[in-house]
Amino acid sequence: CCCRLSCGIANLFLPDIPDMSSTPELSIIIVNWRSAAFLRKCLASIFANTKNLAFETIVVDNASFDGADAVCAEYPLVQYIQSNDNLGFAKANNLGFRHSKGEFVLLLNPDTEVIGDALKTIVECMKARPEVGIVGAKLFNSDMTIQTSCIQAFPTVLNQFLDTEFLRNRFPRSSFWGTWPLFSGQTEPSQIEVVSGACLLIRRSVFEQVGLFTENFFMYAEDVDLCYKVHRAGHRILYDGRAEVVHHGGQSSSKEPQSNFATVMTRESLHAFMAIHRGKTYAALFQFAIGVAACFRLLLLFGVYVLTLGQYQRQAVRVAVQKWKGVLRWSLGLETWAHRSARAS
């Protein structure tokens, strides 16, 4: 179902391309799905900023067929693997890994842009600490605000039930969310629990030790599951805020025809994670708690609508109602497409 495209001989006019004649120190794996324009910007940022580091770049296209010609023309050193099927994030990264050679493996989203020496910084961070299995970078939104989802705590029923913007803003330094290093002001790498799969560096030996990505997940929560397995295997997970990457975010999933695709699929994937690692009873409790949270949000939104006669941020309220209706339907088992998509892997 896959073919590897040869991109030819390196263009002599590409500036500062590292020597790839020997085994690369770093393998960069990018899974693309309908993000060709972002992918080209991502590759441009890698080749422009990653110097004095022997690396290889592997792109796995998940049946979008929208980037091979442009990538091979502009970046002939890139290995381009074309899949005829949408393998999902986990399987596609595992496929890319099997074509890689580096001691360190960077899993990078196509809608990211590397800033300065970010990749060298996280590689050096890991090289200096043999007990570390995963390192993550500081991620920025497109408007250069900090993307707080770049690090997290392992999900529990309680922290998912209480996960609201109000509480996060009120207690940003709480270890409850796992995001405290983003607000601590310290410059040294911090030990954390979960690194976003948008930019995740893992030691090759550790990735092999934990059996690569769990392929039960089609999309979302694969990074949580991987970090959990690495943690259980006894390796530390670090966040290094000195490394900075822009993550434009959600560019592929936003093109899904179903409304609230990412919102519902995230809950479905977290449910699968909890079933695998904490048992079916705990997963059922999570589903029930999320349903209760959705009911509470909908009642709150209804109250806002009534008290303001529908004049308070009408469009925002409408979008929020649609979101939480989708979550409530999922908790009741009515969003059957999400279950089918999650099991498609």
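**Buried positions, charged pairs and cores in a predicted model**

At 8% relative accessibility, A221 counts as buried. A221 sits in the loop that runs between α8 and α9 (222-232). The backbone at A221 has a positive phi of about 75°, although this residue is not a glycine. Most residues other than glycine have a negative phi. The model described here is predicted.

Confidence was examined next. The average pLDDT of the protein is 87, and 88% of the residues score at least 70. Residues 8-17 have a pLDDT below 50. In the model, this stretch makes 12 contacts beyond near neighbours in sequence. Residues 251-258 also have a pLDDT below 50. For residues 251-258, the model shows 13 contacts beyond near neighbours in sequence.

R34 is not a glycine, yet its phi is positive, at about 55°. The residue is located in the loop between β2 (26-32) and α1 (36-49). With a relative accessibility of 41%, R34 is partly exposed. A221, in contrast, is buried, because its relative accessibility is 8% and the cut-off for burial is under 20%.

The side chain of S64 reaches the backbone nitrogen of R34 at 3.3 Å. S64 belongs to the loop between β3 (55-62) and α2 (68-74). Its relative accessible area is 16%, so S64 is buried. Leaving out residues up to four places away in sequence, S64 touches N32, W33, R34 and Q82.

Q82 is part of strand β4 (residues 79-83). This glutamine is buried, with a relative accessibility of 6%. The side chain of Q82 forms a polar contact with the side chain of D61, at 2.8 Å. Q82 is also among the residues touched by S64.

Charged pairs were then considered. Side chains of opposite charge can pair when their charged atoms come close. The model contains 10 salt bridges. One of them joins D240 and R242, with the closest N and O atoms 2.7 Å apart. D240 is buried, at 0% relative accessibility. R242 is partly exposed, with a relative accessible area of 44%.

A further salt bridge links R329 and E335. Here the closest N and O atoms are 3.3 Å apart. R329 counts as partly exposed, at 37% relative accessibility. E335 counts as buried, at 13%.

E208 is partly exposed, at 46% relative accessibility. R204 is buried, at 16%. Salt bridges also form a network, which links E25, K120, E124 and K127.

The nonpolar interior was examined last. In soluble globular proteins, nonpolar side chains tend to be buried together. The largest nonpolar core has 89 residues. L26 and L226 have the most contacts inside this core. Leaving aside neighbours within four places in sequence, L226 is in contact with L107, I134, L200, I202, F207, V210, L212 and F213. A second core is separate and has 7 residues. V60, L87, A92 and L95 are included in this second core.

Two of these residues, A92 and L95, are also listed among the buried residues of α3. Helix α3 covers residues 88-98. Of its 11 residues, 9 are buried, so the helix is largely enclosed by the rest of the structure. The buried positions are G88, F89, A90, A92, N93, N94, L95, G96 and F97.

Conventions
Residues numbered from 1 in each chain as written. Predicted model: local features only at pLDDT ≥ 70, side-chain atom pairs only at ≥ 80, totals over all residues. Heavy atoms only, no water. pLDDT = per-residue confidence, 0-100. Contact = heavy atoms within 4.5 Å. Helix = DSSP H or I, 4+ residues; strand = E, 2+ residues; numbered from the N terminus. Buried < 20%, exposed > 50% of the residue type's maximum accessible area, 1.4 Å probe, protein only. Polar contact = N/O pair within 3.5 Å; in protein donor to acceptor, adjacent residues only side chain to side chain. Salt bridge = Lys/Arg side-chain N within 4 Å of Asp/Glu carboxyl O. Core = buried A, V, L, I, M, F, W, Y, C linked by side-chain atoms within 4.5 Å.
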